[in-house]
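Work through the exercises below with the sequence and the coordinates at hand. Each task is followed by a solution in steps.

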Protein chains: 2
Amino acid sequence: MRSPLKPGATIGILGGGQLARMLALAAAPLGLRCHVYTPEENSCALDVVHDATIAAYDDEKALARFAEAVDIVTYEFENVPARTAEILAAHRPVLPDPKVLETTQDRLIEKNFITRLKIATAPFAPVHSATQLAEGLAKVGVPAVLKTRTLGYDGKGQEKIMAAADAGAAWRRLKHVPCILEGFVNFQREVSVIAARSADGNVECFELTENDHRDHILHISRVPAKATPALETEARRVATRIVNAFDYVGVMGIEMFVVKRGREQHVLVNEVAPRVHNSGHWTIDGATVSQFEQHIRAVAGLPLAKPKRLGAKVEMRNLIGDEILSTADYLTQPNTAVHIYGKGKPSPRRKMGHVTRVWPGK
Amino acid sequence: MRSPLKPGATIGILGGGQLARMLALAAAPLGLRCHVYTPEENSCALDVVHDATIAAYDDEKALARFAEAVDIVTYEFENVPARTAEILAAHRPVLPDPKVLETTQDRLIEKNFITRLKIATAPFAPVHSATQLAEGLAKVGVPAVLKTRTLGYDGKGQEKIMAAADAGAAWRRLKHVPCILEGFVNFQREVSVIAARSADGNVECFELTENDHRDHILHISRVPAKATPALETEARRVATRIVNAFDYVGVMGIEMFVVKRGREQHVLVNEVAPRVHNSGHWTIDGATVSQFEQHIRAVAGLPLAKPKRLGAKVEMRNLIGDEILSTADYLTQPNTAVHIYGKGKPSPRRKMGHVTRVWPGK
């Protein structure tokens, strides 16, 4: 076991977006510095750190210098190239372990991994050929969703298939890259568990969060979720089993569907994100510890905190695109925290900020 | 009235200590950048900002360049030299208005100012001569405290006088600089109000805070304070009268003594600090808005938030000197937020960090 980072140590963060920014803001109160590595000069995380490297993810010299300048490395996004992770890992601990990325960068490998843990998912089938597409449709039925195995997010790289006859055209629109066909799940609601795991195997889950999506992008997270204690226990158990199976260190976001089977509710795992997660943003203002601090604690080798909700209920709303222009209104609303990511001009579908309302009380 | 700062604007902060650091951490979620001006290269605020100027407070060229690089200027300490403020104000708005400093930098002017507002203070007398020292002792009695009019803090620049015969020696130890003699107050407890005022005259006070000092340095702040509703109302009214009298913009810390007069409790104002204040640190974790965000909102021309306590009670404990070495313990304690200022090696009597415990519940 590595010894914990001491105040004054530096955490390298790959990526310069809002997640890196909020990680750096959470590291500071623990006395830890952050060094941001990003290919883009105008990355919003640069505003809140002293040390930065602006270089491509395949710039091996810059990566080596960056690794030498920091004590450990973590990342804000799951699409870290394997070679980038390898170069960094040769110099410094990279946490969560990059081997997790091999699984989570590929929807098919991820679904197989989860299935092997005896955790339920939507029905799925690999699509590498026209034959497999037909077999998949026979297995999962319609409606279904065809998704690229890699690089999809916020609804990008996926096509909904309403009738089997449309499947060929859908795959063509995805340029016949390797895909996964997922059966449509008639879910009651979408929820997520933000789980943190420390190197010594301690796991702390935040409270089950209920999520509304709009146009494939997270719109609102609500806590507490509408869920029975039994369902919440099941969701936490599932999340715990997943982070343990990865021997994970850090925070992971696990998205789930709530489905009804007879009179009982159960969860199906939709996808996992090996990083802090948008549906955990409410924890900054609504919990005794944030997901960002919890991630920093985990990768720094510090003990995890036991998260407790503050207030009777909490609601986080994303500000997408032009919605960021309405922050003046939110600043006048009671018990409302405004988070502007500092990304400059808004563009459509871009996450520009979020607001969190905490209702005081027990 | 100036128009509010827009996301992407830059606030210049004079001073690079923990207050500047926490101001910068609070400005980021509002989409505002901070540029720190400090004479010391290893200032802890530098870790959390992109833009910095390392220069002396009398470096007129550096001050002018700094002012040009920012949209407004604020400060973390009350001893900003008058000439420094003047140079900056020629280029950019300086908030709170530096004229406040002329009052608060001098204990005698400050006490006269407060007295003219018909607000009670400890009895006091100016000491510029041996005659005045004798007259002062006759007026305020013993025990008393002799304090330098300027530049004192955390117990520095003051001498306790237990008997009139000791007064001459005490003034000699203070090198016969202009002083103020303050009568000893037999107080029940020390409290403070952290008040914020916006340019349009709106005032929001945080809940009355009870403070324990140890060796003249703030040790623990507790909320709620042990106080009747009447006393809390009086304390808020006093604070409001003071910030209004200054036509103040920003956060001010107002320290008070609670004294008994017959069966009633009243407050006497001890001193005011034209800046965010150590006794308001609990608001970071224990309130719906922090004093730091409230200050940023005020100076940026944004609407103030209405602060509400989170949790049943909150306790903030300073980590002075070697106490910073015990953060590993605090990291394992429930509902406890750890704030390490990143100042490097601890030295005695230096504020190195603080911890805040929030008891969930209503």
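This is a predicted model: local features need pLDDT of at least 70, side-chain atom pairs count only at pLDDT 80 or more; totals for chains, interfaces and linings use all residues.

Residues are numbered from 1 along each chain as its sequence is written, and chains are lettered from A and ligands numbered from 1 in the order in which they are written.

**Exercise 1. State the confidence scores of the model and of chain A.**

Step 1. For the model, ipTM is 0.95 and pTM is 0.96.
Step 2. pLDDT is the predictor's confidence in each residue, from 0 to 100. Chain A has an average of 96, and 99% of its residues score at least 70.

**Exercise 2. Describe the side of chain A that touches chain B.**

Step 1. Apply the contact criterion: C-beta atoms, placed from the backbone, lie within 7 Å. By this criterion, 32 residues of chain A are in contact with 32 residues of chain B.
Step 2. Find the element that gives the most. Helices (H or I, at least four residues) and strands (E, at least two) are DSSP runs, numbered from the N terminus. Strand β16 (residues 336-340) of chain A gives the most to this side, with three residues.
Step 3. Sort by class: Ala, Val, Leu, Ile, Met, Phe, Trp, Tyr, Cys and Pro count as nonpolar, Asp, Glu, Lys and Arg as charged, and the others, Gly among them, as polar. This side of chain A then has 16 nonpolar, eleven polar and five charged residues.

**Exercise 3. Work out the strand order and pairing of two open sheets in chain B.**

Step 1. Strands of a sheet pair through backbone hydrogen bonds, either parallel or antiparallel. Two strands pair here if DSSP finds at least two bridges between them.
Step 2. One open sheet of four strands in chain B has parallel pairing and the order β3-β2-β1-β4. Its edges are β3 (51-54) and β4 (72-75) of chain B; each has a single partner strand, so one side of each is left without a neighbour in the sheet.
Step 3. Check the pairs. β2 (residues 33-38) of chain B is joined to β3(B) by four parallel bridges, with Thr38(B) opposite Ile54(B). β1(B) and β2(B) share five bridges, also in the parallel sense, and Ile11(B) has Cys34(B) as its bridge partner.
Step 4. The other open sheet of four strands in chain B is antiparallel, in the order β5-β8-β6-β7. Its edge strands are β5 (124-127) and β7 (158-161) of chain B.

**Exercise 4. Which residues of helix α2 of chain A are buried, and which are exposed?**

Step 1. Take the cut-offs: a residue is buried if 20 or more other C-beta atoms lie within 10 Å of its own, exposed if 12 or fewer, and partly exposed in between, with C-beta atoms placed from the backbone.
Step 2. In α2(A) (residues 60-69), Leu63(A), Phe66(A) and Ala67(A) are buried. Down the axis of α2(A), these residues fall within an arc of 100° (the arc of the directions from the helix axis to the C-beta atoms), so they line one face of the helix.
Step 3. Lys61(A) and Glu68(A), on the other side of α2(A), are exposed.
Step 4. Among the elements that cover the buried residues of α2(A) are β1 (10-14) and α3 (82-89) of chain A.

**Exercise 5. Find the backbone features at Pro143(B) and Lys175(B).**

Step 1. The peptide bond from Val142(B) to Pro143(B) is cis, with omega near -5°. Pro143(B) lies in the loop between α6 and β6 of chain B.
Step 2. Lys175(B), a residue other than glycine, has a positive phi near 60°. Lys175(B) is in the loop between α7 (167-173) and β8 of chain B; with 9 other C-beta atoms within 10 Å, Lys175(B) is exposed.

Notes. Two residues are in contact if their C-beta atoms, placed from the backbone, lie within 7 Å.
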